[in-house]
Amino acid sequence: QVHLVESGGGLAQPGGSLRLSCVTSGAVFSTNAVGWYRQAPGKQRERVAVIFSDGLTTHDGSVRGRFTASRDNSKATAYLQMKNLKPDDTAVYYCNVHEGDTVFPPSDYWGQGTQVTVSS
């Protein structure tokens with residue numbers, strides 16, 4: 001059974017930083033892409049970054065240069081380093097081990113998410 005646990009969220013001031021973690025089990029982690037997604041209140045879930053099995057990444061334009069996805073295959077864990085946070089980054093953040101080593105689609109398995117709130 002696939003299990004994902006996101007952590008590391010919290011309250012940050014504009015311009016601040018947070019590092020999210022996603023610990024996985026039961027998924028084919030090392031050979032599949034991992035996506036980071038977020039959902040703000042009243043909005044649909046959106047993808048913010050994807051890291052492929054070889055470590056290459058793609059980041060959505062709204063976070064490019066501020067967020068960095070990484071992974072540790074030996075720990076089946078993915079990370080999202082977030083810097084220069086903005087109020088618009090406020091959302092629940094989720095990770096997802098994709099069905100393949102591709103930018104899309106995500107799998108059907110989602111964790112509970114971790115809340116990120118950016119406010120002064």
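1. A disulfide is counted here as a pair of cysteine sulfur atoms within 2.5 Å. A search of the whole structure finds one disulfide. Cys22 and Cys95 form it, with their sulfur atoms 1.9 Å apart. The link of Cys22 and Cys95 is right-handed, with 60° about the S-S bond.

2. The model is predicted: local features need pLDDT of at least 70, side-chain atom pairs count only at pLDDT 80 or more, and totals for chains, interfaces and linings use all residues. Residues are numbered from 1 along each chain as its sequence is written, and side-chain values use heavy atoms, with hydrogens and water left out.

3. Cys22 lies in strand E3 (residues 18-25) and Cys95 in strand E9, so the pair ties together parts that are 73 residues apart in sequence. Strands (E, at least two residues) and helices (H or I, at least four) are DSSP runs, numbered from the N terminus. Cys22 counts as buried, at 0% relative accessibility, and Cys95 is likewise buried at 0%. Buried means under 20% relative accessible area, exposed over 50%, and partly exposed in between (1.4 Å probe, protein chains only).

4. Two aromatic pairs are found in a search of the whole structure. In Tyr37 and Trp110, the pair is edge-to-face, at 5.0 Å centre to centre and 80° between the planes. Rings of Phe, Tyr and Trp (its six-membered ring) pair if their centres lie within 6.5 Å; planes under 30 degrees apart count as stacked, over 60 as edge-to-face and the rest as tilted. Tyr37 lies in strand E4 (residues 34-39), whereas Trp110 lies in the loop between strand E9 (91-97) and strand E10 (114-118), so this pair ties together parts that are 73 residues apart in sequence.

5. The surroundings of these two rings may be stated next. Tyr37 counts as buried at 6% relative accessibility, whereas Trp110 is partly exposed, with a relative accessible area of 29%. The rings of Tyr94 and Trp110 have centres 6.2 Å apart and planes at 85°, so this pair is also edge-to-face. Tyr94 lies in strand E9 and Trp110 in the loop between E9 and E10, so the pair ties together parts that are 16 residues apart in sequence. Tyr94 is buried, with a relative accessible area of 12%.

6. Charges over rings remain to be noted. The charged end of Arg45 sits over the ring of Trp110, 4.0 Å from its centre. Arg71 lies over the face of Phe29, at 4.6 Å from the ring centre. A charge sits over a ring if NZ of Lys or CZ of Arg is within 6 Å of the ring centre and within 35 degrees of the ring normal.
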